Amino acid sequence: IAFLSYDIPSFFAGKLHCILTRKYTKGRDYFDLGWYLSKWKNLVPNIILLNNALSQTGWKGGSLSEQNWRALISKKVSETDWKKVRRDVENFLENPLDREVFSKENIMHLIKP
């Protein structure tokens, strides 16, 4: 018996898919984005998995690549209502310092290569 699991780039692709396609703002998506990028600075999503997921859910934004995914995520983060993001996530943050660190500016900084 073997348990199958995704690797980190595949899990990350799933999170990016959520950020790009979810019809409402879920703060946890943005918190997780920051977590992934602060833990693995040069992390690249599983591009094939990400594009397949986007295609399956009707994505009209074109194909993502190792060269353009950061620009698309950066655009989405910058256009998101961060009052909603913070309101959705702040009750779950146990450490008060996390509230200070979790900001649009810090997430945007992590997205840069």
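Which residues line the second largest pocket?

## The second largest pocket

In this predicted model, the second largest pocket is lined by Arg28, Phe31, Asp32, Trp35, Asp88, Val89, Phe92 and Leu93, and the space within that pocket comes to about 160 Å³. Two elements, α2 and α5, each give two or more residues to this lining, with α2 supplying the largest share, four residues. Sorted by class, the lining of the second largest pocket holds five nonpolar and three charged residues, and no polar ones.

## The largest pocket

The largest pocket has a volume of about 190 Å³, and its lining is made up of Phe31, Gly34, Trp35, Ser38, Asp98, Val101, Phe102, Asn106, Ile107 and Leu110. The elements that contribute two or more residues to it are α2, α6 (96–101) and α7, and here the largest share, four residues, is drawn from α2. Six residues of this lining are nonpolar, three are polar and one is charged.

## Helix α4 and its buried face

Helix α4, which spans residues 69–79, has Trp69, Arg70, Ile73, Ser74 and Val77 buried. Viewed down the helix axis, these buried residues of α4 fall within an arc of 125°, and they therefore line one face of the helix. An α-helix has 3.6 residues a turn, so residues three or four places apart point the same way.

The buried residues of α4 pack against α1 (8–21), α2 (27–39), α3 (47–56), α5 (82–89) and α7 (104–111), whereas the face turned away from the buried side carries the exposed residues Ala71 and Glu79.

Definitions and conventions: Residues numbered from 1 in each chain as written. Predicted model: local features only at pLDDT ≥ 70, side-chain atom pairs only at ≥ 80, totals over all residues. Heavy atoms only, no water. Buried < 20%, exposed > 50% of the residue type's maximum accessible area, 1.4 Å probe, protein only. Arc of directions from axis to C-beta. Contact = heavy atoms within 4.5 Å. 1 Å grid on protein atoms, 1.4 Å probe; cavity = no way out; pocket = protein on both sides within 12 Å on 5 of 7 lines; lining within 4 Å. Points joined across faces, edges and corners; volume = space filled by probe spheres on them. Nonpolar A, V, L, I, M, F, W, Y, C, P; charged D, E, K, R; others polar.
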